[in-house]
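Here's a quick briefing to read with the model open beside you. Have a look around first, then work through the points below.

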Amino acid sequence: MQIPSIKDGIHDAFIGVIIALVSIPISMGYASVAGLPVVYGLYGSLLPILIFAFVSSSPRFVFGVDAAPAAIVGGMIAAWGINSDSAAASSIIPLITLFVALWLGIFFLVRADRIINFISEPVMGGFISGISTTIILMQIPKLFGGKATHGEGPELILHILHEAEAGFNLPSLLLGGGTIFILLAARKLCPKVPVQPILMFLGASIFYLFGERLSGLGIATLPAVTKGLPRLIIPDLSLVLAHPRQLIIDTAGIAIVILSETLLATENLSRRHREKITARREVAAYALGNFAAALTGTCPINGSISRSGIADQLGVKSQIMSLTASLTMALILLLGTGFISYLPLPLLTGIVIAALTGTLEFRLAHKLKHLDRAEFFIFYAAFFAVLIFGSIYGVVVGVILATVTFIIRLSKPASDFLGIVPGIKGYYSLTRRNTQAKPLKGVVIYRFPAPLFYANVEGFCGDIRRECGLGDQTPAADFRSQPVRLVVVDSSGISSIDGTACQRLLSLYKELGEAGIKLVLAGHVASVNDQLRAFGARLLIEEKAVRPRILYALRDAGFTPPYTADDTEKEKPKVNPPQNEYTEHIAEIEWAYGDESEKILAELAKEMPQSEQSELEQEIYFEELAMLNPQMAKQVASIISEMETAAVKNGSYKQQIT
């Protein structure tokens, strides 16, 4: 838990009191949905929240009894034939919570928190919006005097219509709707004013003073609860024998829902405030919080999007909020349970719904509509999957769609052809945006900014063939008046290459070679060379078809910087590399051969020429031999280093070697 300044600590403590008060109707309602007496919702807002405050790395998120786990538990016990608010339900639900805590502990050990790395912002936004919309639909019947239920979107909409038809209380709706209106207006006009506790205090005071006169309006208030702190219990493990498969499998589903929903919502909130959370530490907090919930007899605990939204609106900065909320709930259970029965239910429902509207991400969807239609589609796919099928399906659908979109984009990356601007360093795209860029004569420089694998290698080869005028394909560029003799691939964006791509690349290399065209890959990371050797494309390295820099490949063809207009208009003779290039060559071979580098120069040292030659001839010989016979060792690197440092004059390499 982060330690804030005294000023921020006092501010967050005040917010914690508000969160505790807002948690009363929420936690009581969801405890009832799970099948427990309503007081267990308050118990779930005590010890589990205290533990979460000390373990969590998130300074703003709120933990507690919430919709999704409670709804799943309620459905589970109903399927087992156990009645809600019964002794059997109060016995089995803590055991369910214990199994959920065990699953979360397993997720912590196997680093399941890494799932967050594979979830994009549109998936996250659609998921959170779907969850928030589902909870709003659950709460709407309480605005007009009806009863809340659990389920998915279509079921909830039908329930709203059924409750409205069975009995519609207009005063209740006016109170709840007015609460929502006031809070939304206050969010715009005075966002730092804590309007929620003011409304709660006014509502409770009015019903305390004028409750008898207002009783005829039919506005419901919260039920009274028994005073006292929860007793610690040990879940009845003998009940495992009654439902072994369900307790193992179904509780895993609840744990996945808690992990994905809470972790996504926490990550979403932290991104909004540019804060860093430790995802694995969050999973530990979920596990320990649910273990504490099992010991207090309540249902599984989840992150609360609605209460986190309220805390965020009030400007919370630390988990002092959760600490204070837990202590406040303890005081309420000990001293203030009478106050609870005067809180009007529509007013509290309005507070929850208003908070949930602040978590909706439809602005992100509107932005994506104009920027990226694929991600716009992914947002609403995740949203409707949550709304129609449930929270875990929203994550699954969103991740699948995001993965498919990622593969599609990789299969057709934004590749282009490059040229030079005379007198300026670098290589520039030959597009209409760069009218000054010109191609080098007889040279194709092709930039491919993606890993090369089975799904995009055909496009890669097709682009190069087309530009070289091979087969029946028409070159994309009409500005190449001279036949191509060199293709340099700017492979700085190729971070990996698979076996299929290696074989297709090797075939393309041979095909271009038969047409008198040299293919060179330049600028990629060294690990790509390891993959080329492993997948049978070693020939590319041995024949100097991979270079660490585009500059080296062009230099072999006779082009040396600074490039001029002549480089784009006429042939240039091939030039020898500059002298004293030994360090460059040693580094290049180490880059090309990796772990094999130490094996070789031992043999290379033995094969060094023994005849008297000039330094330039020796250098040229070394370069050619090193690339044709890929065997290098530290001995030759040491020899070369000694040659350079000694600045040998009028001597030979033979003398130095001797």
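Which residue forms a salt bridge with arginine 271? That's glutamate 267, and the closest N and O atoms are 3.2 Å apart. Bear in mind that this is a predicted model, where local features need pLDDT of at least 70, side-chain atom pairs count only at pLDDT 80 or more, and totals for chains, interfaces and linings use all residues. Residues are numbered from 1 along each chain as its sequence is written, and side-chain values use heavy atoms, with hydrogens and water left out.

**Salt bridges**

- A search of the whole structure turns up 15 salt bridges, each being a side-chain nitrogen of Lys or Arg within 4 Å of a carboxyl oxygen of Asp or Glu.
- Arginine 271 and glutamate 267 both sit in helix 10 (residues 244-272), four residues apart, or about one turn of the helix. Helices here are DSSP runs (H or I, at least four residues), numbered from the N terminus.
- Arginine 271 is partly exposed at 39% relative accessible area, while glutamate 267 is buried at 17%. The cut-offs: buried is under 20% relative accessible area, exposed is over 50%, and partly exposed is in between, using a 1.4 Å probe and protein chains only.
- Glutamate 361 and arginine 272 also pair up through their side chains, with 3.4 Å from N to O. This one links distant parts of the chain: glutamate 361 is in the loop between helix 15 (345-357) and helix 16 (362-371), arginine 272 is in helix 10, and they are 89 residues apart.
- Glutamate 361 counts as buried, with 15% relative accessibility, whereas arginine 272 is partly exposed at 41%.
- Arginine 409 and aspartate 372 form another salt bridge, at 2.3 Å from N to O. Arginine 409 lies in helix 18 (residues 391-411) and aspartate 372 in the loop between helix 16 and helix 17 (373-389), so the bridge ties together parts that are 37 residues apart in sequence.
- Arginine 409 is partly exposed, with a relative accessible area of 38%.

**Helix 5 and its partners**

- Two packed helices are described by the angle between their axes and the distance between the axes. The axes are lines fitted to C-alpha atoms over the stretch in contact, and angles run from 0 to 180 degrees between N-to-C directions.
- Helix 5 (residues 87-109) packs on helix 11 (residues 279-295) at about 160°, with the axes 8 Å apart. That makes the two helices roughly antiparallel; angles over 145 degrees count as roughly antiparallel, under 35 as roughly parallel, 65 to 115 as roughly perpendicular and the rest as oblique.
- The crossing of helix 5 and helix 11 is left-handed, which means the near helix is turned anticlockwise from the far one by less than a right angle; clockwise would be right-handed.
- By class, the contact of helix 5 with helix 11 has 15 nonpolar, three polar and one charged residues. Here Ala, Val, Leu, Ile, Met, Phe, Trp, Tyr, Cys and Pro count as nonpolar, Asp, Glu, Lys and Arg as charged, and the others, Gly among them, as polar.
- Helix 5 also packs on helix 10, at about 60° with axes 8 Å apart, and this crossing is right-handed.
- The helix 5 side of that contact includes Phe99, Val100 and Trp103, and the helix 10 side includes Thr251 and Ala255. Contact means heavy atoms within 4.5 Å.
- The contact of helix 5 with helix 10 divides into 15 nonpolar, one polar and no charged residues.
- Threonine 251, in helix 10, is buried at 0% relative accessibility. Leaving aside residues up to four places away in sequence, threonine 251 touches Ile96, Phe99, Val100, Trp103 and Gln246.

**Helices 6 and 7**

- Helix 6 (residues 121-143) and helix 7 (residues 153-166) pack at about 15°, with their axes 9 Å apart, and are therefore roughly parallel.
- Their crossing is left-handed.
- Among the residues that meet are Leu137 and Ile140 in helix 6 and Leu156 and Ile160 in helix 7. The contact of helix 6 with helix 7 has seven nonpolar, three polar and one charged residues.
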